[in-house]
Amino acid sequence: MFGLFKKKSEKEKLEDEYKKLMKEAFDLSKTNRSASDGKYEEADKIQKRIALLEEK
């Protein structure tokens with residue numbers, strides 16, 4: 001209840017986006033391999049940004 005109005009941190013937003021992209025990539029891997037590879041690439045870039053935030 002108290003976390004209802006709490007804003008997400010930059011890291012939390014990136015993690016949510018990463019999870020979303022990985023799910024999309026998995027779903028696309030069944031039908032369109034090249035599109036799936038593109039989603040995995042986007043997810044990899046986000047993962048690198050998360051790692052940079054963790055270093056700080």
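Tutor: A crossing counts as left-handed if the near helix is turned anticlockwise from the far one by less than a right angle, and as right-handed if clockwise. Here, α1 passes α2 in a left-handed crossing. Before you ask more: this is a predicted model, where local features need pLDDT of at least 70 and side-chain atom pairs count only at pLDDT 80 or more, while totals for chains, interfaces and linings use all residues. Residues are numbered from 1 along each chain as its sequence is written, and side-chain values use heavy atoms, with hydrogens and water left out.

Student: How many helices and strands does the protein have?

Tutor: There are 2 helices and 0 strands. These are DSSP runs (helices H or I, at least four residues; strands E, at least two), numbered from the N terminus. Helix α1 covers residues 10-29, and helix α2 covers residues 33-55.

Student: What makes α1 and α2 roughly antiparallel?

Tutor: They pack at an angle of about 160°, and angles over 145 degrees count as roughly antiparallel (under 35 is roughly parallel, 65 to 115 roughly perpendicular, the rest oblique). So the pair is roughly antiparallel. Their axes, lines fitted to C-alpha atoms over the stretch in contact, are 8 Å apart. By class, the contact of α1 with α2 has 13 nonpolar, 3 polar and 10 charged residues.

Student: Why is S36 called buried?

Tutor: Buried means under 20% relative accessible area (exposed is over 50%, partly exposed in between; 1.4 Å probe, protein chains only). S36 has 0%, so S36 is buried. This residue sits in helix α2. Leaving aside neighbours within four places in sequence, S36 is in contact (heavy atoms within 4.5 Å) with A25, L28 and S29. Across the protein, 12% of the 56 residues count as buried.

Student: And what makes Y40 partly exposed?

Tutor: Y40, also part of helix α2, has 32% relative accessibility, so Y40 counts as partly exposed. Beyond neighbours within four places, Y40 is in contact with M22, A25 and F26.

Student: Why does E10 count as partly exposed?

Tutor: E10, in helix α1, has a relative accessible area of 44%, so E10 is partly exposed. Not counting residues up to four places away in sequence, E10 touches R49 and L53.

Technical notes. Axes are lines fitted to C-alpha atoms, for helices over the stretch in contact, and angles run from 0 to 180 degrees between N-to-C directions. Ala, Val, Leu, Ile, Met, Phe, Trp, Tyr, Cys and Pro count as nonpolar, Asp, Glu, Lys and Arg as charged, and the others, Gly among them, as polar.
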